[in-house]
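User: Hello! I'd like to learn how to read helix packing in a model. Could you walk me through it?

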Amino acid sequence: MIDLTDQRRDAAERLRDGILELAEYRDPDRQGWTREVFSAVYRESRNWVARRMAAAGLQVHEDTAGNIVGRLSGTDPNAPALVTGSHTDSVDGGGRFDGVVGVLGALEAVQLLRESGQRLRRDLLVVDFLGEESNAFGLSCLGSRAIAGELTRADLDRQDYRGVSLGRAYRDFGLDPGAVLETRWARAAPLHAFIELHIEQGPTLEQRQLPLGIVTAITGIERLVATFMGSPDHAGTRPMYARKDAMVAAAEAVLSVRREGCGAPNHGVATTTRIESESRSPNVVPSLVRMTSEVRSVDSTWLSGVRGRLAEEILVNARNLGVDVEFDWSTDNTVVHAHSGIHDVAAAAADAIGIPWMPIPSGATHDAVHMAALAPMGMIFVPSKAGKSHCPEEWSDFADIATGVGALAQTLTRLDRTELTPQHQPGPN
Ligand code: GLV
Ligand code: MN
Ligand code: MN
């Protein structure tokens, strides 16, 4: 068994060095620690990650979907592999820990396994998935989505705000979009299990003063682009009662989206991130406005009613203003439950090394959502200071991360010898 306490200080130091070194790969023109998918700095940082994996003794390659994969060979080449990892891209203006902890933490877990003299029976794959964060194409988890066979040809035609397609972005980044779609790991050897270490990104663990969360379910996400069509008019002469103002209808809709999140019976959140008006002149009544919003919940029953409820309220309010609305909905991902067997193994691992934990749902989405299509899936969370994430202040203490790595290493050791049922089952919410 791995003696976590003896090794924890060294592990925390190595994690700090790695996390802060990777953070230096940041877009100098953006706020915070920005390393967006397809950017030049992201390409450079991926070379750093590959070198780091090689230095950890892994055989490294980049797959045709742009994922960096490091393999630690086990003793039985025929046994389905264990997979762990996360992502190293960030949101615009993001922090240093989201995703990074799961990649560098996995390498630290490899180090712990090595120091303990253990050799796993199964191969262990450490993956840095390409582009996990939702991007200008409105799609998250590009790398894990591709290998799960959940990226479609139609997705390649999605355009960013400059009219560049996702397919073009792949090509400019040095990846063949056709090959990306064909990457599908499902066609290769079966996988035994996927477990991802991540920061919580919310305040619960810190508030409960607990060092570890074991994830029960990952939120579903419904995305909406609503287009409001009113009538252009002279802003100085058209009386207020006779306007068809698309901006006012969109503003009402922003509040409807917010009310929807506030009214969720269990966990539910709703956010509007963009309002774009085609009107450039300050003296024209806005006639075409686009609103980008998302709604999330781990309560799939509530989430399934969101489209209907929101469309009705937004339409009624807009029509009262003489404005038409078109809705373009997409499901980023449905609610995905962690595999109860992995949940139980992670819980037993934490108990065995004396780490208090709680079951916890994830309001953020993760590569684990898509990996669940390939293998039984689980996640481990470590605390986030003040629950802050997707912002420069994002922070997790290195000692807490090292604790999470200890739990990850223990969980991997146990998963290596635990048979899991192939279908993934709902865990407790
Ligand atoms: C990723 O962090 C997301 O939850 O969108
Ligand atoms: Mn993340
Ligand atoms: Mn994120």
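Predicted model: local features only at pLDDT ≥ 70, side-chain atom pairs only at ≥ 80, totals over all residues.

User: At roughly what angle do the axes of helix 3 and helix 13 cross, and within what distance do they come?

Analyst: As a general idea, a pair of packed helices is described by the angle between the two axes and by the distance between them. Here, the axes of helix 3 and helix 13 cross at roughly 60° and come within 9 Å. Helix 3 is therefore oblique to helix 13, and the crossing is right-handed.

User: Which residues make that contact?

Analyst: From helix 3 (100–115), the contact uses Val 101, Gly 105, Ala 106, Glu 108, Ala 109, Leu 112 and Leu 113. Helix 13 contributes Ile 401, Val 405, Gly 406, Leu 408, Ala 409, Leu 412 and Thr 413. Sorted by class, that gives 10 nonpolar, three polar and one charged residues.

User: And how is helix 11 placed against helix 13: parallel, antiparallel, perpendicular or oblique?

Analyst: The axes of helix 11 (residues 340–352) and helix 13 (residues 398–416) cross at roughly 125° and come within 8 Å. Helix 11 is oblique to helix 13 because of that angle, and it passes helix 13 in a right-handed crossing. On the helix 11 side, the contact is made by Ile 342, Val 345, Ala 346, Ala 348, Ala 349 and Ala 352; on the helix 13 side, by Ala 407, Gln 410, Thr 411, Arg 414 and Leu 415. The classes are eight nonpolar, two polar and one charged residues.

User: What about helix 2 and helix 3: which hand does their crossing have?

Analyst: That crossing is left-handed. The axes of helix 2 (residues 40–55) and helix 3 come within 10 Å and cross at roughly 15°, so these helices are roughly parallel to each other. Trp 48, Val 49, Arg 52 and Met 53 of helix 2 meet Val 103, Leu 104 and Leu 107 of helix 3. This contact has six nonpolar, no polar and one charged residues.

User: Let's turn to annotations. Which residues does UniProt list for "binding site"?

Analyst: The unreviewed UniProt entry lists His 87, Asp 98 and His 198. They are spread over 112 residues of sequence, yet they cluster in space, with a largest C-alpha distance of 9.6 Å. From this set, Asp 98 is in the lining of the largest cavity.

User: Where in the chain is Asp 98?

Analyst: Asp 98 sits in the loop between strand 3 (81–87) and helix 3. That brings us back to helix 3, which crosses helix 13 at roughly 60°.

Definitions and conventions. Residues numbered from 1 in each chain as written. Chains lettered and ligands numbered in written order. Heavy atoms only, no water. Axes fitted to C-alpha atoms, helices over the stretch in contact; angles between N-to-C directions. Helix = DSSP H or I, 4+ residues; strand = E, 2+ residues; numbered from the N terminus. Parallel < 35°, antiparallel > 145°, perpendicular 65-115°, else oblique. Left-handed = near helix turned anticlockwise from the far one by under 90°. Contact = heavy atoms within 4.5 Å. Nonpolar A, V, L, I, M, F, W, Y, C, P; charged D, E, K, R; others polar. UniProt positions renumbered as here; feature names shortened; annotations may be inferred. 1 Å grid on protein atoms, 1.4 Å probe; cavity = no way out; pocket = protein on both sides within 12 Å on 5 of 7 lines; lining within 4 Å.
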